Amino acid sequence: MEDTICAISTNPGNNGAISIVRLSGPHAVSITSKIFTKKSFKTAKSHTIHYGYIIDKEKKIDEVLVMKMLAPKTYTTEDVVEINCHGGYFTTQKILELLLLNGARLAEPGEFTKRALLNGRINLLEAESVSDMISAKSENARDLAMNGISGKITKMIQNIREEMVNILANIEVNIDYPEYEEEQIVTHENILPKIKHITEKLEEIVRESENSKIIKEGIQLALIGKPNVGKSSILNHLLEEEKAIVTNISGTTRDLIEGTFNLNGILFHLIDTAGIRETEDIVEKIGVEKSKKTIEEVDAVILVLNYNEELTKEELELLDKIKNKKSILFLNKNDLEQKITSTIYDRKNVIEGNTMNLNGLDKLKEKLIQMFHLAELENKDMNYLSNIRQISLAKKALKNIKNVQEQIMENIPIDILEIEIREAWNHLGLIIGETYEDELIDKLFQKFCLGK
Ligand SMILES: Nc1nc2c(ncn2[C@@H]2O[C@H](COP(=O)(O)OP(=O)(O)OP(=O)(O)O)[C@@H](O)[C@H]2O)c(=O)[nH]1
Ligand SMILES: [Mg+2]
């Protein structure tokens with residue numbers, strides 16, 4: 001990290017009012033000084049803002065405000081300079097180019113945050129949260145990421161690890177210095193409540209983190225059914241736009257049509273699919289295959305049935321296909337006469353309605369809220385893990401600790417318990433990056449944008 005990196009930190013594609021070009025590294029100040037008219041910039045105090053012009057030899061390029069922030073109290077803990085310039089694409093590119101010509105190197109995606117991590121200012125979990133923050137698509141997802149950045153979940157995990165270390169230390173002392181009488185002798189009886197306490201804490205983290213995943217990534221939901229039952233009409237109403245073509249011709253929708261809507265702050269990715277039926281039409285056939293594949297991939301499905309028709313063989317097959325899936329049966333077109341068999345009401349999650357006078361659609365939304373417990377989510381403070389890597393490590397730690405509980409029940413010698421406790425401690429350490437692999441770090445930062 002000897003070299004000084006630079007990048008455009010604001011969205012380079014947009015013509016905003018201002019853009020920011022950022023530098024970090026030992027030569028951030030001296031490189032900027034070469035192209036900045038303010039002579040006192042080089043010697044100015046840290047955390048000050050300076051007015052002047054960026055110049056290319058004699059030629060004025062832009063009128064700017066330049067922030068000078070010296071190590072260590074900066075984003076990367078290195079010397080950082082931020083040039084606030086006018087937001088045009090060419091001006092910003094030109095300033096970046098001048099910095100590169102004067103000795104800076106173009107930053108890789110996420111390299112500023114990577115430096116913050118490698119310099120010890122933030123931990124791995126916080127770095128991942130920065131990435132989540134950038135890509136947050138809802139208010140809740142943003143809150144979740146912010147809590148990650150502010151280190152709340154890190155504290156929780158550190159506390160659990162400390163409880164583990166205390167148990168481990170106690171066991172070690174007992175083994176190494178059995179004559180130490182003031183140390184509490186570790187027995188199965190007195191270790192069990194401590195292990196139970198850790199189990200509860202970890203269970204809470206795993207449970208709540210699964211919710212966090214919903215908050216961050218949203219819910220994938222598909223409308224499925226045979227042709228002409230009103231799937232596209234329902235999509236259009238849920239999205240509140242005429243996204244899909246609706247006609248009375250069976251097989252109107254051929255390809256997947258997607259859009260998002262929001263319930264209780266949670267993003268639903270809604271997918272309209274081609275009506276499923278036997279067909280010789282090549283294009284429609286491909287659409288039907290896609291529909292079937294979509295059913296497997298989504299978190300939940302809305303199976304749309306026609307209130308005005310009897311169930312077909314294909315629909316019975318679909319009902320069977322989704323029996324282990326989160327699903328809602330929407331009996332559409334209830335403005336017409338009922339022909340669907342009344343035994344359909346014996347099934348779970350049945351709602352009837354129609355898209356002509358928007359009957360039943362509110363009930364449908366309520367059902368989704370219930371199904372994913374979204375009402376309870378709303379009042380939660382979001383202090384949990386939010387990506388698969390973190391959650392799977394927490395699950396591994398929980399499994400270790402549950403094994404310890406079993407070993408206690410089976411009266412396995414105390415010093416054997418140590419192995420699983422130590423493993424759990426390690427898994428939690430990997431979450432917050434007390435120990436980490438280079439490969440993981442590289443992968444993480446590839447997801448970042450330039451300039452962050
Ligand atoms: N009476 C009545 N007609 C409806 C209702 N909802 C949709 N329709 C009509 O049913 C026809 C088919 O609607 P779509 O939304 O295109 O149906 P789809 O399930 O997407 O059909 P495919 O794309 O062919 O699979 C259209 O003529 C709609 O106007 C309803 O609630 N009541
Ligand atoms: Mg359709």
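This is a predicted model: local features need pLDDT of at least 70, side-chain atom pairs count only at pLDDT 80 or more; totals for chains, interfaces and linings use all residues.
Biologist: What makes the bond between Ala71 and Pro72 cis or trans?

Modeller: The omega angle tells us. For the bond joining Ala71 and Pro72, omega is about 5°, and the bond is cis. Most peptide bonds are trans.

Biologist: How do you know whether His47 is buried or exposed?

Modeller: We count its C-beta neighbours. His47 has 11 inside 10 Å, so it counts as exposed.

Biologist: And what about His373: which class does its count of C-beta neighbours give?

Modeller: With 12 C-beta neighbours inside 10 Å, His373 counts as exposed too. His373 is in the loop between helix H11 (361-371) and helix H12 (374-378). Its phi is positive, at about 50°, and His373 is not a glycine either.

Biologist: Now try Asn400. What makes it buried or exposed?

Modeller: The cut-off for a buried residue is 20 or more other C-beta atoms within 10 Å. Asn400 has 22, so it is buried. Asn400 is found in helix H13 (residues 388-409).

Biologist: Which residues is Asn400 in contact with, leaving aside its neighbours within four places in sequence?

Modeller: They are Glu420, Glu423, Ala424 and His427. To be in contact, two residues need C-beta atoms within 7 Å. The C-alpha atoms are another matter: those of Asn400 and His427 are separated by 9.4 Å, with the two residues 27 apart along the chain.

Biologist: How many helices and strands does the protein chain have?

Modeller: There are 15 helices and 12 strands.

Biologist: How do you know whether the protein chain is spread out or a compact globule?

Modeller: We set its radius of gyration against the globule rule. For 452 residues the rule gives 22 Å, but the protein chain comes to 29 Å, well over that value, so it is more spread out than a compact globule. Along its principal axes, the C-alpha trace spans about 85 × 80 × 40 Å. Of the 452 residues, 36% count as buried.

Biologist: Which domains does the domain assignment give?

Modeller: It gives domain 1 (5-123), domain 2 (143-214 + 383-439) and domain 3 (217-377). The C-alpha centres of domain 1 and domain 2 lie 43 Å apart.

Biologist: Which strands are the edge strands in the open sheet of six strands?

Modeller: The order is E3-E4-E5-E2-E1-E6, with mixed pairing. E3 and strand E6 (105-106) are the edge strands, as each pairs on one side only.

Biologist: How do you know that strand E1 (residues 5-8) and E6 pair?

Modeller: Two strands pair if there are at least two bridges between them. E1 and E6 have two bridges, in the parallel sense. Within that pairing, Cys6 stands opposite Leu106 in E6.

Biologist: How many bridges do E10 and E11 have?

Modeller: E10 and E11 pair over seven bridges, also in the parallel sense. Val304 stands opposite Phe330 in E11.

Biologist: What makes E11 mostly covered?

Modeller: Six of its seven residues are buried. E11 (326-332) is also one of the strands that the buried residues of H8 pack against; the others are E7 (219-224), E8 (257-263), E9 (266-272) and E10 (300-306).

Biologist: Which residues of helix H8 (residues 231-239) are buried?

Modeller: Lys231, Ser232, Ile234, Leu235, Asn236 and Leu238 are. Just after H8, Glu240 takes a positive phi of about 55°.

Biologist: What does H8 give to the shell around ligand 1?

Modeller: H8 gives three residues, the most of any element. The shell has 24 residues, and Gly230, Ser232, Thr253, Gly275 and Asn354 come nearest to the ligand.

Biologist: How many residues of each class does the shell around ligand 1 have?

Modeller: There are 15 polar, six nonpolar and three charged residues. Remember that Gly counts as polar here.

How values were computed. Residues are numbered from 1 along each chain as its sequence is written. Chains are lettered from A and ligands numbered from 1 in the order in which they are written. Helices (H or I, at least four residues) and strands (E, at least two) are DSSP runs, numbered from the N terminus. The radius of gyration is taken over C-alpha atoms; the globule rule is 2.2 Å times the number of residues to the power 0.38. A residue is near a molecule or strand if its C-beta atom, placed from the backbone, lies within 6 Å of it. Domain bounds come from an automatic or database domain assignment.
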